[in-house]
Amino acid sequence: MQFTARDIALMLNGTVEGDADVTVDQLAKIEEAKSGSLSFLANLKYEQYLYTTGASIVIINNNQQLTAAVKATLIRVENAYSAFTLLLEKYNTFKLYKEGVEQPCFIHESAQVGSKAYIGAFAYIGQNVKIGDNCKVYPNCYIADNVSLGNNVTLFPGVKVYFDCSIGDNVTIHSGAVIGSDGFGFAPNPDGSYTKIAQIGNVIIEDDVEVGANTTIDRATMGSTVIRKGAKIDNLVQIAHNAEVGNNTVIAAQSGISGSTRIGARVVIGGQVGFAGHLTIADGSQFGAQTGINSSIKEANKQWGGSPYLPYKDYLRAHVNTRRLPELEQRVRELEKLIKDLKKDAQ
Amino acid sequence: MQFTARDIALMLNGTVEGDADVTVDQLAKIEEAKSGSLSFLANLKYEQYLYTTGASIVIINNNQQLTAAVKATLIRVENAYSAFTLLLEKYNTFKLYKEGVEQPCFIHESAQVGSKAYIGAFAYIGQNVKIGDNCKVYPNCYIADNVSLGNNVTLFPGVKVYFDCSIGDNVTIHSGAVIGSDGFGFAPNPDGSYTKIAQIGNVIIEDDVEVGANTTIDRATMGSTVIRKGAKIDNLVQIAHNAEVGNNTVIAAQSGISGSTRIGARVVIGGQVGFAGHLTIADGSQFGAQTGINSSIKEANKQWGGSPYLPYKDYLRAHVNTRRLPELEQRVRELEKLIKDLKKDAQ
Amino acid sequence: MQFTARDIALMLNGTVEGDADVTVDQLAKIEEAKSGSLSFLANLKYEQYLYTTGASIVIINNNQQLTAAVKATLIRVENAYSAFTLLLEKYNTFKLYKEGVEQPCFIHESAQVGSKAYIGAFAYIGQNVKIGDNCKVYPNCYIADNVSLGNNVTLFPGVKVYFDCSIGDNVTIHSGAVIGSDGFGFAPNPDGSYTKIAQIGNVIIEDDVEVGANTTIDRATMGSTVIRKGAKIDNLVQIAHNAEVGNNTVIAAQSGISGSTRIGARVVIGGQVGFAGHLTIADGSQFGAQTGINSSIKEANKQWGGSPYLPYKDYLRAHVNTRRLPELEQRVRELEKLIKDLKKDAQ
């Protein structure tokens, strides 16, 4: 698929400087781009590459001044970064476009599938499943009985959704993610063994959520584990039974949220962070990587770090002090000696 | 599926107070229950809801006294919590009941499958596999050559079991778990590269074990990685080659056990805990979340925390002291000044 | 499959002591071996077992002296450990040998599959996929459009490779690993919501790499996430978009590498380690388990530990000091009292 500079300027409502007929068939970073590539310049840190890039076309801001000759055709737009992001998205939408039902797949006769769906080979769609319009269910996905998917949902290959779960519109779930597995609930017996507590709740994922590869979200014991609208969850994250993740909250890879913990809205969680169970975390909280949170947080919009967690600045200061501990001990040792001498003198 | 209060009282050997003909078709928490729901009251913290709940039926203890009017039909039993747990379990058994072989699936002609099995579409069952009675192998599961499953085993969708592994009775493995992948063993070469050490052992999972979603249990180099009877393992846990997990040991999500480490019986391991390799951990040990264990533990039944680990109380105290370090340094600074003054005075 | 001591001695270019006709059909550790097993003695710590083992055949070094009677047939070779490793490998190659195409599977008509391939049932091979010779694609694997695999590649069951990714020769990827899922990139909007940044790059895995079960390697935003030749990656590891892992670098389970971080060659990373984004890590660096790295490392071949990380020795010393903090505080308290007394005396 090739485009001319003229085509692209038209899409972006931009103006061409240079050869409008030059063609590109891929997107690339300005410092790595080769002939046939389209690139962009938004961050002035990279301005030097504008004059040396191999790209055939570069999108730049209207107000970008040139200080040397440029080989590439330029397309000037109001905001080069947004314009390029838009192209990225169009490119990906085109690349990932799939429609139709591949065989063999398993679709229960009671299941409803909306228009323009893609159902990949070896996908399994159970009883009473409802799938909205423009959904893509890639190969080897499993959608259990009574699950509902909204419109524009993409399940990448190998996603598993257990029975009774509900997924909203515009949700993307990456390969290997498991939605609705049993919560980890066992009642201890006097002999040291455990009896499983049946987990009969479900998982509700609201609109505009993204779930990363191999992430696990357990169903509630009763009621629902809930991922609120706009939340973004990275790979290998664990979300336990009856937890709740607030609107537009972002969780980086390998973090874990224990049972019944409620994370507020607009919370930002770094990688490998862990939350104990039954906590409530205020809106807008921010957590550094590897933080361990063992109590509820009531003040909104604060930054935290360390395990157990401290206010982020205290955590950094404590760490610096920890490093200086050998020196502090040395100072105490000297004081002890001085005092011993002083006492001797005083006698 | 609807039940009357009379039906349920009969199942639970309880007595009805109120309308025995009222029907329910779902289970719910007392504080969230709506008309048509069955709920229970066991924890007195929730007693207030008994008088306001929308539930149509509430199970309560025989000795529960009423201090106001109750709208719901009551069923009195000896132990309301156990009675409700029993109903949860019956409900789930009914919900999850599957039997028969869905097509297409792949069952090698040499495989043996017991009675009342469910084999889902796109499941793969290799050469010489033995599957006991009442087993459920959900869609997209893979069971390699020479694997044996006992009776009442459930493999949720997408579980992978590599060749030669052995799984006991009443084992449940959640979606995406991998049993028997190669141990991580490589011999360094003089040029900095590595040669793989073939991993020819297997994994043995004894009876009554539960394994969480996307958990990985590696096969032994030689011999077996062993999960003993009654162990419960949460999601995204890593268990390395030749490790052993003792009877009724519980491991929370995202914890990892390195190669050849032997965890005793009745050990309780919080989330994101890590064990180094070649350790022996005493029975009944308990580990707080994010603990790091780098040496063997001989004393049984102790609690541990921190990384590297300390006795739990020392860990908490060290943490408090770490937090107070800036203050301690200030005190040392004042002492240094006082002594300087004293020395000056003494001269 | 049975072998005589004579057969094995021939394979290993060794000499038989004892009954050359005795047969074995399995490999075992010397301390656990039973009749019919082949074992080896390389580490003198295990020498005692040579005289008590149940093994039918034991491989020993040419220079091994005997101090008591040995029941087993012995095979003497130059290096017993390497000889045994060679047998392990032959054994595994034999055990894992698969060839041919199982039905049903999905192979797009435009895909090219090399000679002696194994394509398992329910495997999916997309448009323009190129698969080299001697590759094994186990059941339930998914290989998206335009992916290329070199020669001698093994994808164990359920591996997912997203579109446009490239995998070299002699690569092994274990079950459930996901290659090429979207990088975690979202641009914040003024209302607190996020807009996804399309991830149009890919993942390049060079020759001789091993990737563990349920590990996730995200595709680059643009350009490539790269795993260099000879790198070995354990289970449940996260590698984010545009990261790079150097030649012969080893990463233990549950570690995570954030976006755009470049790990050098011959780096050794313990379990549950985390790297922040946009770092550069020098060749030959070594990291203890659970280390947290939040800045670039320029000095090669150093050891590091703790979170945030310190030179390994400083980390251990700081930890010891942290443990002694209550004692240090007590010493400061005593000094304060002594000084108070001295000042009183001085007045």
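## Cis peptide bonds and a positive phi

A:Pro104 sits in the loop between β8 (100-101) and β9 (106-107) of chain A, where strands (E, at least two residues) and helices (H or I, at least four) are DSSP runs numbered from the N terminus. The peptide bond that joins A:Gln103 and A:Pro104 is cis, with omega about 0 degrees. This is a predicted model, in which local features need pLDDT of at least 70, side-chain atom pairs count only at pLDDT 80 or more, and totals for chains, interfaces and linings use all residues. Residues are numbered from 1 along each chain as its sequence is written, chains are lettered from A and ligands numbered from 1 in the order in which they are written, and side-chain values use heavy atoms, with hydrogens and water left out.

In chain B, a cis peptide bond joins B:Ser307 and B:Pro308, with omega about -5 degrees. B:Pro308 belongs to the loop between β39 (303-305) and β40 (310-311) of chain B. In chain C, the loop between β29 (238-239) and β30 (244-245) contains C:Asn242. Phi of C:Asn242 is near 65 degrees, which is positive although the residue is not glycine.

## Domains of chain A

Chain A is split into domain 1 (3-96) and domain 2 (101-315), with bounds that come from an automatic or database domain assignment. Between the C-alpha centres of the two domains the distance is 38 Å.

In chain A, helix α1 (residues 5-12) packs on helix α2 (residues 80-95) at an angle of about 105 degrees, and their axes are 11 Å apart. Axes are lines fitted to C-alpha atoms, for helices over the stretch in contact, and angles run from 0 to 180 degrees between N-to-C directions. The angle therefore makes α1(A) roughly perpendicular to α2(A) (65 to 115 degrees; under 35 is roughly parallel, over 145 roughly antiparallel and the rest oblique). A:Ile8, A:Met11 and A:Leu12 of α1(A) are in contact with A:Ala83, A:Leu86, A:Leu87 and A:Lys90 of α2(A), contact being heavy atoms within 4.5 Å. By class, these residues are six nonpolar, no polar and one charged (nonpolar: Ala, Val, Leu, Ile, Met, Phe, Trp, Tyr, Cys and Pro; charged: Asp, Glu, Lys and Arg; polar: the others, Gly among them).

In chain B, the axes of α1 (residues 5-12) and α2 (residues 80-95) come within 11 Å and cross at roughly 105 degrees. This makes α1(B) roughly perpendicular to α2(B). B:Ile8, B:Met11 and B:Leu12 form the α1(B) side of the contact, and B:Ala83, B:Leu86, B:Leu87 and B:Lys90 the α2(B) side.

## Interface of chains A and C

Here 62 residues of chain A contact 65 residues of chain C. The two chains bury about 5000 Å² between them, 63% of it on carbon and sulfur atoms; buried area is the accessible area (1.4 Å probe) that two parts lose on being put together, summed over both. Of the area that chain A buries against chain C, 11% comes from A:Phe122, A:Glu329 and A:Ile339, more than from any other three residues.

## Salt bridges

Over all chains the structure holds 54 salt bridges, each a side-chain nitrogen of Lys or Arg within 4 Å of a carboxyl oxygen of Asp or Glu. Six salt bridges cross the interface of chain A and chain C. C:Arg324 pairs with A:Glu329, with the closest N and O atoms 3.2 Å apart. C:Arg331 and A:Glu336 form a salt bridge at 2.9 Å, N to O. This pair links helix α4 (residues 325-346) of chain C, which holds C:Arg331, to helix α4 (residues 325-346) of chain A, which holds A:Glu336.
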